[in-house]
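Subject: Structure handover, with notes on charges and surface patches

Hello,

Here is the structure I said I would pass on. My notes on the salt bridges and the surface patches follow below.

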Amino acid sequence: MFLYIVGLLVLWFVYRWLKEFKRVENKGDKHVYITGCDSGFGHLLAKHLDKLGFSVIAGCYTEKGEDELKKASSDRLTTLHLDVTDSAGVKKAAALIDTLVGQKGLWAVVNNAGVAVPAGPSDWLTIEDYKSMLAVNLLGVIDVTLSVLPLIKKAQGRVVNVASVFGRISPFGGPYCVSKYGVEAFNDSLRLNLAPFGVKVLCIEPGFFKTNVTDTKVLENNLKKLWDRLPQDMKDDYGPDFLESEIPSVD
């Protein structure tokens, strides 16, 4: 029985090795569109794929993000200004990408752009707080994907959506988990819809990595800002020591 289990494990590792040994050919002919490339995962991925030889189209929210990426990359990498909450801008970016990829189509889109604030207890937040985050983390993912879907289908490419481990569990209140649950649902439905066209749809669920999204100072400042705008009766509900217990550095 023991040898049987060992044999199965060896076969499984050989299968994994053979599967991962495959390499993409003609990388320069393959265009990858990535959102949220100013920093974090998007910035690193854009530079990594550029070094591997892919033709990268990097969407950045700021001019600074574009400039830094250009300096660190080859001429194959193209940057463009992209605010995923601006549908007109998303369409404009898709039109530019269409001219870049030509008849080959778009090999991949990576929906990486996302924000983590405002975040806090649900009763501290307004519907506008929810709308602002859903506009980036969920509706932005959907809008960008739909804008380039014909190009993805033409290349029989892939859609990669960056969700989160918090797309599976909700350990805290606010819109972040809601938005990532939505990305998971969109991803699953898209996978089913596009399978007949030879398009792959994948979902990445990062944990707590050191990026701007998880910057503790940003999260702490966000919590202080939300606390300061609360009416006094709600502050009384939580008690005078609540904020200090959540953020020990608070005076």
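Arg-76 and Asp-50 form a salt bridge through their side chains, with an N to O distance of 3.7 Å. Arg-76 sits in the loop between helix H3 (63-71) and strand E3 (78-81), while Asp-50 belongs to helix H2 (residues 40-52), so this pair ties together parts that are 26 residues apart in sequence. Please keep in mind that the model is predicted.

The search of the whole structure gives five salt bridges. Two others are described here.

Arg-229 pairs with Asp-129, and their closest N and O atoms are 2.3 Å apart. This pair links distant parts of the chain, since Arg-229 is in helix H8 (residues 216-229) and Asp-129 is in helix H5 (residues 127-137), 100 residues apart.

Arg-168 forms a salt bridge with Glu-205, where the closest N and O atoms are 2.8 Å apart. Both residues lie in loops: Arg-168 in the one between strand E5 (158-162) and helix H7 (175-194), Glu-205 in the one between strand E6 (200-204) and H8, so the pair ties together parts that are 37 residues apart in sequence. Arg-168 counts as exposed, at 56% relative accessibility. Glu-205 is partly exposed, with a relative accessible area of 30%.

Now the surface patches.

A nonpolar patch on the surface is made up of Tyr-4, Ile-5, Leu-8, Leu-9, Leu-11, Trp-12, Phe-13 and Tyr-15, which together have about 910 Å² of accessible area. Tyr-4 is found in helix H1 (residues 2-21). The relative accessible area of Tyr-4 is 54%, so this residue is exposed, the cut-off for exposed being over 50%.

Asp-233 is exposed, with a relative accessible area of 52%.

Regards

Conventions
Residues are numbered from 1 along each chain as its sequence is written. This is a predicted model: local features need pLDDT of at least 70, side-chain atom pairs count only at pLDDT 80 or more; totals for chains, interfaces and linings use all residues. Side-chain values use heavy atoms; hydrogens and water are left out. Buried means under 20% relative accessible area, exposed over 50%, partly exposed in between (1.4 Å probe, protein chains only). Patches are made of residues with over 30% relative accessible area and no salt bridge: like charges are joined within 9 Å, nonpolar side chains (Val, Leu, Ile, Met, Phe, Trp, Tyr) within 5 Å. Accessible areas come from the Shrake-Rupley method with a 1.4 Å probe; for residues, only the protein chains shown count as cover. A salt bridge is a side-chain nitrogen of Lys or Arg within 4 Å of a carboxyl oxygen of Asp or Glu. Helices (H or I, at least four residues) and strands (E, at least two) are DSSP runs, numbered from the N terminus.
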